[in-house]
Structure formats: structure tokens, C-alpha cells
Amino acid sequence: MIKPFALKGKSKGAAQHLTAHFQADYYGQEIGEWGGKLAEELGLKGKVEAGDKRFVQMLQGKHAGKPLTIRGEQTERTAYDINLTCPKSVSIMAEFDPRIKQAFREASREAFGELEKWAARRVRDGGNHETKNSRVTGNLAAALFFHDTNRDIDPHLHCHCVVANATRGEGGRVYALETSEIFAQMTYLGRVQESLLARKVAALGYRVETIQEKGKVKTWRIGGVSAEMETRFSRGSKRVEQEAQKELARRKALLAVHAREAPGMSVYDWLKARGDCPWSDLSAQTLSVRERDVVERNTRPRKLELTVEERKERVLERMPPEVQYRLHELVGHASRIGPKFCQQSDGMAFERTRDRLMERKSEVSAAEFIAEALRHDPLADYRQLGREVESGMVRLHGEGLGARITTQATMEREAASVQMAEARMGPALAPDADFASWRGVMGQKLGEDQKRALEMVARTDRMAAVIQGDAGTGKTTSMMALRDVLAARGLDVEFLSPQLSGVAALKSDGLPARTVASFLQTKEPTSAKLLVVDEAGLIGSIDGYRLLGAARASGARVLFVGDTKQNLPVAEGDFLRLLEVHSKIDRARLSEIRRQRDPEVRAWVGMVADGKVKEALTALRDGELGERGTIVERGDYLEEAARRYVNAIEKGGSAFCIARTWDELDQISSSVREGLRERGKLGEGVERMALRSYGWTKAELVDLSRYEAGMGVSVKGETWEVEEVTKQGLVLSNGQTVDPRRSPVLIAGKLRQLDVAPGDELLIRESHRGAELVNNEVVRVKEVLGDGSIKTADGRLIPREFASLEYAYARTAQSIQGPAADRAILAVGQGWSDNNFYVGVSRARASVEVVTPSAEALAQSRGGWAQRNLAHDLLRQRQDSWHSRMKEVRREMAGKLQEAAEYAKEKIAEVVTWAKERMGIRERPDLVAQFSERPRAVSPERWAEAQARLAKRLAERQQQRVEAKQRRIEELKRKQEERLKARTEEKLDAGRPLAPPRFVGKLFKEAMAERKALETTQGQRPLTEAERKKLERLQANTSPVRWSQRVRHLEGRVAELERSAKRGGPDGEKAAKSLETTREELQCALKGEEPAWKVRQREADKLRQKSPGLGPVKTRGGYTMEPGRDYGPYIPPPTIDGPERGMSMGL
């Protein structure tokens, strides 16, 4: 784990105070060491002794008595303290095994070296003066201090990297450090440091096991060190937790005082008037990470001046003898195992991370991908992961670890989806359909925007169309009109929805529907001519692609109806936005909002839909909507939201109470049930088992290593507790063993007790066919039977084993998209996105109530509109950036050419003037006009000879210019090849992988697999001479540089042979014979195949090897092959086909 802190000391007094504090209290008690390339350049090497003047000056922003950077004392931050830590189990075992301390030091040095690569300086040149552009420099000056314990004398291995706020840029100048690149990659760097340490600890013979918290892998520990032992030596964490609880109690008391003294005043303004810290959320159940850091710094004790022996004695005093004996045995066991039989990664980290991470994302950064892989497999090699990312993923935009990447399947799926959607399907469905005369059940008519949208659907000849409309714009009414008009013409329409709740809503409106998943599972083609997909904004890229494929196979067209501004899909991608932004299909938009009854409320919701969320909050605060729209500022905003919800349902109307987190939902539900129980609307409660899902992906559900004893799993609608995890599978509390790799586990989560009483409203979180339960459905409890079964008000029976239940009094914005209610009550704390806020307020038909601790803090802390990037979005960014760069280059070149032309014009004028003055030439316009024709004194013969000499001289000069131009072109090609070769050698020397092309042939993939196998073997044992030569040959042949050079060589050879063949003669005939062979070789090189004549030649060579007496064989290509000599396997270049060919060539 890595934590950065800035050390500030702009003034001289502040710098002296900072230096004295750290020298006396922390760094001055230890001997450190210098690190970093800049430190080496400045002559800072070796140890950092106590009271080292060089270190003191570095904390003051100086070196050798002079300012370290070019800005001098203008820099406020003089240094940064970057803290490298390790798991508590490692610190404990380090007290018994000194090898672990050495391993931690080595891992910290390597991690600091990786961190140094991200050092950068801010670019302030020219137009970049006010921007935050940065340029990587890759050098730092730092002092590293290694500590064994913390201030509470607990085992705590950590390293303080005190980094000077300086880095050397181009030209040898030292600039202030730009830390944005380092801080942006802090998660990645922390995972790299943990992985380096885990691999070194495993090499010592210890077992490394991961630790999960709430279903997510948090970190790792040494096997054999119990969680109780880690807690015993975590007094600092206990102290911080105790102080945090005191702070939370103080805030709760402040809420009570606020409710008494100033209930009509916002908590933020009240605290500000009192002079107290204006917390934005006094009712929070926990402190934020930043708040806990403040508590930790304010409550930590001063470090004691103890020797190493004294600190170790104090640690062992608190450890029972039996525990010490067990840990000594653990050290002995690790020593006996040694590095030969140590634990290693299974090498599947890349594949598992790709399946897990890319299931719900279309693109990620390379650093995020590697960090996620190391979190689940700390024994994986981050360098090998980097190479696998380079070879196995497609780079969309950016460079290095900051590049955005995706899978080849995602790229092809998005491109194929756009192509299918744009396909022409022949005549339109109903080009003369009349929607103006349609009348609904209640006699309602269609609006102008609805009629235009439906006419577009009826008249389009493409396979897909899109109707986008904000919430409440009448999309369902439009679908009903479309169904009626097309049915009158004998055309069947089938309605689909991605969620079961959406299907239920469509059925309630008289539209027979089923889920998208059910439609895709049906093997028989549909008879419908049009598929209408409601809530299409919740469809992922995979389901959208499969849906278009199934529709094309049935000859049907697809209409997508939805809103991209509402909730995002859970699965990968955003299919509706892909069609809207990147395709040329017909689309229409419903602009008039019809759900809200009051015109002012309707206009206010439209303001939110247009993205003016801040203005909408201001309008609520100013009371522009009156009682139909209010914003209430209360510190106990969750209890206030619960009270308003109880009052709303008591009056008989429908209402939604919307919150964001599970903690908020639980607190609101508890308050609502208390209010209902006080009013006598709830009966006696019964404790019942409930399962709260961890939200795992499909890849995580089939990963046996993710499960632990005590978890709950739902198999076929029945929930059981996991008692043990074995190699065969999960041993459940019902005595059965389930293997999630074969038998599907639908939900994995945390088991808890839920108090269920008659009158409660429950939210179903999983479908159950036997009980006729639908996911996201709300049921009312009529009776809780003695065996734990629940009887609902509509007569259904929820089995005792069914545990996917939650209270339905408060819900998230994700679970209520689609239905509407009279009132919407939003309990808005922190972290709300504009999408969630928009979905919440748009559910209301009559009134909106926003309850928040502070309206001002809410306006400032909004998360903005969330949007999920598509692979095609980043491809467009790359193309736009390339075009922008080319425009800038053209403008720069045009400006330079203009300057050069003006300069040449001035110089020519100066030379002409000088020549005229020197030779006494005067302007004679009459003479110039005379010499345009033959002078009378010159005979025609002499005039013709002069004209011939002039023509010859002009031809010679033209030939010289052509030859000079050819020489320049050849020189540029030679320099380009030299630069390419130098860059390739530089990458190979630096250990950076050469990314192969994205589209490769089958033989190239086999060669790459053979190369990876040999590289893996090389890491395990020394290679034989034959294996080493084979690996070198494979590395050379699978290089994309060699492939591109081969293709360019063949293209140039073909052009040269074509020119020779046109000239004719003996050389031309010979060139014509070679031209066909060379063209065949070029085509095979582009396709990743082997020329037929080479196959025949290889077979002939095998025959010669069997008969050495035949001698060497000369091939058609002019190469001499000696029998018996190993020329290695043929490695074809990568295959390039499909519409992305230009992209793969780097165009």
C-alpha cells in the first residue's frame, strides 16, 4: 500500500519548524539511504546519517546552499513523504525471520524504481502556460527510511520515501515535480509493491493467501498468521476507530442540538455560524478516508526513542509463548521448503482478469487492468502481465500504462453491431401508415413528436431504428399506437425488455412482452416483423449484438426505445448510445414531457433532463415550485426522509423513497418500520434468513477460490450457507456439495437476519419459477408461517429456503427505472450522479421532495453525468487527436515555408541590388522586350544553336534536380530505417515489449505460443543451446518490426520489377518472370500464409536431407539451402483482413 503526503514549508520559519520536527521526531532517529536518478546526479549517494545537512537542505528545497529548482523559493511544497507499507502478517513474521525484512527492503526499492518512472514536470511552454500538461522525466531525488514498528510499538514494516519536489528535465534544468501522474497511478503502484513483496515472501517458503472483505479481495496475508494475531498488534487502528466513534457520537449530539435550536436552518450554515467544522453529512455512519487520516494524525503519539532490541522486547512481551512457538515453527517450515518448492502463480491471472473485468466494461486503462490482476493474484509478475496486455489486448488510445485498452472481441462486436443495424431490409413496413387518427383506450391522441417518431419507424428501410425520449415523454403510449396501426395491416409486433420489472410494466399496459434473455434463449425464429425493445438504455453490447443477429436470422426489424441519460447497463458497453453516436440509422426524439401533471413541475423536470441540475436545485431552494417541489436541509436527513415517506403512504397516495447506498437504505427502512409499527400497521416480526448479493460477475461466480466458509449462495432459488470450500466444490449446510464451475450459482453474498412482519413490503431480488416471483418485484406480507415461509397478500407462498429479500420502503435509482408514483422523496447525501438524480425526480407525477444535509454542499459535490466509454469512442478520440495533430503540423509547416519564402525573397532582392550596383546595370525595359525574340544582328542559324544549347542546359538541370530529389528520398528512407532500428534496439535493451500487430494469422499465433512457452521455461531453468537458439529465432521472427520491414521490402521489390518489365529488353524479360513470384510472396505475407513454391521447396529440401549425396539445392528465390542444416520453422507474418485493416497498420 502507498500513501503520499505533501510536506509544505514555503517560508523560512516554516521550513525550519518542519525540518526540526521531522529531524527530532522521526527521520533523525534512523539511518536512511539515498535513492533516485536525480539524487545520483546531484552526488547524493550512500547513507543518510542522523542530522545529515544535505537531507535538511532538501527539506528546505535547497541543495549545496542554493535553490534546488529554477523557481527557487516560490515552490510551496518542498518535499513529499510517500509511505510504503505491507500487510500486518508480514510485519509480525519479520520479528522472527530477518529474511522478511530484507525482502521488504528489496521490494520497496524496486517499487520506488517503478514509481520514479512516472516522475514528470509541468509544461509551460508557449500556449501551455496556463494548462496542466506534463512531460515525463523519469528521475527523482529521495531519501528512504525503513522502520520496523509504529508509534504504538506494534510490528509495522514501512518505508518513508521522502521525495524532493524536483526533477531534471531536458537541457539539464531542474523543475518542480508534477505529481499528478504519480498520484493518478497510486493504486497501480501500490499493487505492484504488494506483488513484489508477496513473490519474495513466497520464495522464502511461506504460503500467501488472499483476504476478502464483503466479497472483494482486499489484500493478502502469510498463511498461518491468524486474523486475531493481526488485530492484537493493530493498536493504531483500534485507536483511530475509537476516536472515529467519538467523533460520530459528537456529530450525533450536534444533530440533536440543531433540531432543538435551529430546525429551519441548514446544518451547514448552522455549524458555520457556530464556528464549528461544517461537515456536509453529520448523519453518516462512518468517516471518510480523508477524515480518518486527519483523526490518525491528530491522535498518534510521539515516537519513542528506543533501540531495536528494546522495541523487539516490547513486542514479544505482548505475545503469548505458545504463539511465539507456533510462529517459530512457521519460520522453520518455510526454511525447509525454500525457493525450490515455493508457492507460485498459476499463470492464469491475465485470462481471469480479462474475463472478470471486461464482462462489465468495454475499455479500461492498462494500469487498471494490471492492478486488478495483482489484487486477485499477488504472486503474478507485473512485467509479464504488461507483456500479455500488450499482446492480448487492443490499444485504443494513449501510450504505455496510461493507454486505454479493450479486447478484440469487443472491437469486432461493436463494429458488427453497427454494420447490422445499418443494413438495408428492403421496402418499408408501412410507408403510408396514418398515426394521426389513432386513439388510445382513454381517448388520448398522439403528439406531434410522437407522430413524427412513429412515421420514421414505419418508413425506414434499415434493420434498426431508435426512439429516444426523456423520462415521461410518452414512449409507452407511442409503442401502443405502433402496435395497433401495424396490427391493422397484419404485421406482428413483439415487445421485449431487459428486466422482468419492465416486462411486468409493459404487460400492465396491455402489451404482451418477455425479457431479452428469454428471446435470445429461444431457438425458433420469431414470426414478428418488428421487435420493440423498451428501456433499451439498459442493454449491454453483448445482448444487443446477439439480439440484432437473431432478428436478422428471422428477417425482423428492431426498434430500440430508451434514454441514454438514465441508468447505465450492468453488462459491458452502452448499446443504445453505440447506435445513436456511431451508426447512420434513423432516429427520432420525443421532446415533450407528459408524465408530470403540473406544468411547472413538468418544466422543472425538463430542466433536469437538459442537464441543468445545479439551476434546478437553486430553483427548489428558492421555492419556485411551492409545495410541489421542496428541498429540505436536515442533518438527520435519512430519518426525515423516512418520516415523509410514512406520511405520504398514510395519506393513501403512492410514493418512492430513493437513496444511494445500502447503509442509507437500511437506516431509512428501520425508521419507516418504526413509524408503521407506531401506527399499528405492522404485526409481530419474525427473524428470517436473507441474502444480500455481492454483485459478482459470471467469471467470479465460477471461480472456486473466491468462496469462503460462512458465505451464502443461492442455487436454483434455494439459499444455503457455505460450510467448507474443498477442491470438489462448496459443502453447503444442507449436506450437498456444489461445484460452481459446473452447477450454476446464481447469487453469492452475505447472510443476515431480516425481521419480517405482517404488513411489511419486501423487494424480491431473484426470480423463482415455483413461487411465481419476479426479480425487482414488490410484495406485501400477509402472514409469516411457523416454518419461515411467507404468505403474500395476493396468495403466493415464498418458500423458507428463498432468501433473496430486502425491504422495499427505500430503493435505489437503479431499481425504480420505469415505474412512476405520485411523490418522489430523495434522500440525497454524497456521491450522487446526475443520472441517479434525474431518474429519481422523473418518477414523480405530482411532487418532488429532496432531503439533504446541505443544499450548498449537494450542488458542489454532484458526480456529474455518468457515461460509460465505448471502444469506438476512444477510436474516434484517437482519430480526432491524429487529425488535430496533422492540422497543427500543416499549419506549422505552412508558416515556416512562408517565413522561408519571405526570407529568400529578401535575400534575392539584396543580391540583385548588390549585383546591379557592382556591375553598373540599369533598368532597360526596352532591351528586355527586345530579347524576347531573335535580335536582327543574330543570324537564324546562330539563334537556333543558342536555343538548342539553352534547351539542353535546361534538360540537364532538370535531370540533376530529379536525381537530387531521388537521392534525398533514398537518404530519408535510410535515416528512417536507421531510426526504426535504433528505437527497436532501445526497446529491447530497456526490456520493453514490442507489441505485435493486432490481427495475426494462425501460424503466427502458434509461433507466439511456442515463444511464450520457451520464455516461461527460461524463467524456471536454464535453456539448452538448441532451445536458446530457437527462442532467439522466434523472438526475431515474431517481431512486428521485422514483419513491417519485410512487407515494405516486398512492396518496393514489386514496384522495381514492374518498372524493369516496362522498360523491356533482356533485363525486362527477367524481371517479368520474377514479378509473378514476388507478387505471390507479398500477398502471402499480407495474409499470413506461406507461398506455395516455398512449401514445394521445403519438401524438396527434406528429400535432399534424406539423400546427402545430392548436394545443396538452389531455390527459386536465389537462396542456397544445404542439406542437414536447421533453418527453423517458417514464421508467417500476421493476417490482416476485415474493415480494421488500416487501423492495424497504424493509419
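Helices (H or I, at least four residues) and strands (E, at least two) are DSSP runs, numbered from the N terminus. The expected span of a helix is 1.5 Å times one less than its number of residues.

The model is predicted: local features need pLDDT of at least 70, side-chain atom pairs count only at pLDDT 80 or more, and totals for chains, interfaces and linings use all residues. Residues are numbered from 1 along each chain as its sequence is written, and side-chain values use heavy atoms, with hydrogens and water left out.

**Exercise 1. Helix 13**

Task: State what span helix 13 reaches, and which of its residues are buried.

Solution. 
1. Helix 13 covers residues 321-337, which makes 17 residues.
2. From first C-alpha to last the helix reaches 25 Å, close to the 24 Å expected at 1.5 Å a residue.
3. Buried means under 20% relative accessible area, exposed over 50%, and partly exposed in between (1.4 Å probe, protein chains only).
4. The buried residues of helix 13 are Val 323, Gln 324, Leu 327, Leu 330, Val 331 and Ala 334.
5. Seen down the axis of helix 13, these buried residues fall within an arc of 115°, so they line one face of the helix. The arc is that of the directions from the helix axis to the C-beta atoms.
6. Pro 321, Glu 322, Tyr 325 and Arg 336 are exposed, on the face turned away from the buried side of helix 13.
7. Gly 338 follows helix 13 and has a positive phi, near 70°.

**Exercise 2. Paired strands**

Solution. 
1. Two strands pair if DSSP finds at least two bridges between them.
2. Thr 210 has Trp 220, in strand 15, as its bridge partner.
3. The hairpin of strand 14 and strand 15 has two residues between the strands, and Lys 214 takes a positive phi near 55° there.
4. Three bridges join strand 17 to strand 18 (residues 404-406), and His 397 stands opposite Arg 404 in strand 18.

**Exercise 3. Gln 419**

Task: Locate Gln 419 and state how far its C-alpha atom is from that of Met 463.

Solution. 
1. Gln 419 is in helix 17 (residues 408-421).
2. Gln 419 counts as exposed, at 59% relative accessibility.
3. Gln 419 and Met 463 are 44 residues apart along the chain, and their C-alpha atoms are separated by 9.8 Å.
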